Amino acid sequence: MRPPAGSDALSGGRAGPAALRPLLDEVLAALAAGAEDRGGPVPAGRPEEIAGLVRAALAAPPGPDALARLTRLLAAYAADPADPACAAHLHCPPLAVAAAADLAVSALNPSQDSWDQAPAATALETALLAELAALAGLPATAAGVLTSGGSESNLMGLMLARDRALPGAELHGLPAGARPRILASASAHFSVQRAAAVLGLGERAVRPVPVDRTLRMDGRALADALADTVRRGETPIAVVATAGTTDTGAVDPLHRAADLAARYGAWLHVDAAYGGGALLSGRLAPLLDGIGRADSLSLDWHKLGWQPAAAGVFLVRSAETYAPLARRAVYLNPADDEEAGYPSLLGLSLRTTRRPDTFKLAVTLAVLGRDGLGALVDACHRLARYTAEAVAAEPELELHCPPVLTTVVFRYRPRSAAPARLDRLNAELRRDLLRTGRAVVGRTELPGDGDGRVRLKLTLLNPHTAPADLDAVLAAVLAAGRRAEESHNFG
């Protein structure tokens with residue numbers, strides 16, 4: 001079957017905008033219809049039911065209605081972070097201006113691996129990263145790149161740490177007898193272990209450092225762990241400090257981590273994928289005091305920056321430390337082109353083809369400025385404080401700790417419930433909310449062993465949410481908990 005007439009039109013060139021205009025009207029209408037179909041934060045139903053609808057839609061014959069039909073399906077069966085009751089993850093509702101800017105990138109399709117594929121975007125990324133490095137307190141020698149997110153950024157930071165501590169590892173592998181170790185809090189992101197595995201160090205090279213009740217790294221425990229590592233004949237090649245843990249938003253003691261890393265000659269990588277958004281807020285930026293001492297740094301603007309994914313940033317304190325990543329591909333960045341003034345970003349990234357995700361962030365900052373974005377951060381922080389107070393005031397809910405950023409960790413706790421029963425109750429009530437489409441609430445487990453560790457989590461990233469919306473979410477949690485108690489599972 002031949003494709004519908006006009007379906008092979010291109011999005012770029014002089015004719016591209018005219019070809020896009022009617023299609024955008026279709027997409028926008030389908031998004032609105034899909035949101036109406038859904039009617040809430042997430043579609044009601046079980047996973048297998050939704051999978052069946054998707055398979056049926058894909059099995060339909062080709063036709064001009066496919067764009068609108070599939071877009072409506074996508075929207076109807078989406079988890080929409082713009083709905084106040086969709087608050088489980090570090091999954092932000094993007095700003096409309098950022099999504100519009102992202103459309104321009106998709107239409108033009110530049111690639112950042114050579115100047116002749118992205119002249120303006122190459123200059124834009126370089127200029128914006130210098131601005132972001134200054135925002136983080138890094139010196140003028142800093143360099144960086146846009147990444148797919150914190151996982152890629154953490155991998156890059158630990159790769160450079162490995163290559164500084166073990167020269168030649170990028171060429172020859174780990175030297176015989178090497179026993180490198182990475183020290184990170186017990187609440188650090190799982191991508192730290194994954195990076196160690198990818199880098200040939202092994203996940204067990206990551207030594208977890210104890211945390212306090214708020215899941216903040218214990219500075220004294222870090223000092224003890226570093227000393228013990230050396231006593232064992234192992235080499236501490238990196239300390240990973242987290243500025244904004246996934247579960248509680250805790251910020252590790254950054255100055256203490258920097259002092260200890262320097263004492264032991266270890267690289268300091270700060271994972272601020274979540275907490276980096278606090279740099280935009282004059283009120284919350286002091287939480288990240290010391291972040292400018294990092295050797296490398298992860299930031300994610302698709303969390304507390306309201307950008308469509310992906311908008312990760314990786315920064316290093318000194319451009320010289322990037323040397324192990326340098327690559328020369330004669331068809332992309334020949335030396336004589338660079339000598340003639342044509343710059344290349346190829347040696348800054350683990351990827352080759354790479355879209356200019358800088359553009360949407362640059363547009364957002366140009367429209368709102370740091371103060372405008374900072375006001376959104378402050379609004380979400382106020383919502384977290386309000387929610388924490390509401391949880392603390394409810395006898396059947398238990399707050400784990402005061403919010404640091406925009407995350408509230410708590411659990412449903414009826415009177416006289418055993419820890420194991422509490423874990424099952426909270427797990428089931430969360431699934432009940434998903435099945436019925438009432439709310440998307442996160443789940444986590446506190447460090448340790450045994451029962452009583454399951455907690456619920458609200459990650460508040462919608463600055464337009466009203467306190468009444470959050471009252472409704474908590475009421476839904478309470479109702480779901482009571483239904484779970486009354487069910488045969490908990491009778």
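Across which strands does helix 6 (residues 150–165) lie? In this predicted model, local features need pLDDT of at least 70 and side-chain atom pairs count only at pLDDT 80 or more, while totals for chains, interfaces and linings use all residues. Residues are numbered from 1 along each chain as its sequence is written, and side-chain values use heavy atoms, with hydrogens and water left out.

**Helix 6**
- Helix 6 lies across strand 1, strand 2 (180–185), strand 4 (235–242), strand 5 (267–272), strand 6 and strand 7; contact means heavy atoms within 4.5 Å.
- Helix 6 runs at about 175 degrees to strand 5, where axes are lines fitted to C-alpha atoms, for helices over the stretch in contact, and angles run from 0 to 180 degrees between N-to-C directions.
- Helices (H or I, at least four residues) and strands (E, at least two) are DSSP runs, numbered from the N terminus.

- Seven strands form an open sheet in the order 1-7-6-5-4-2-3 with mixed pairing; two strands pair if DSSP finds at least two bridges between them.
- Strand 1 (143–147) and strand 3 (206–209) stand at the edges with a single partner strand each, so one side of each lacks a neighbour in the sheet.
- Strand 6 (residues 296–300) pairs with strand 7 (residues 312–316) in the antiparallel sense over 5 bridges, and Leu 299 stands opposite Val 313 in strand 7.

**Strand 4**
- Because 7 of the 8 residues of strand 4 are buried, this strand is largely enclosed by the rest of the structure; buried means under 20% relative accessible area (1.4 Å probe, protein chains only).
- Strand 4 runs parallel to strand 2, joined by 5 bridges, and Leu 183 stands opposite Val 239 in strand 4.
- Strand 4 also runs parallel to strand 5, joined by 5 bridges, and Ala 238 stands opposite Trp 267 in strand 5.

Methods:
Buried < 20%, exposed > 50% of the residue type's maximum accessible area, 1.4 Å probe, protein only.
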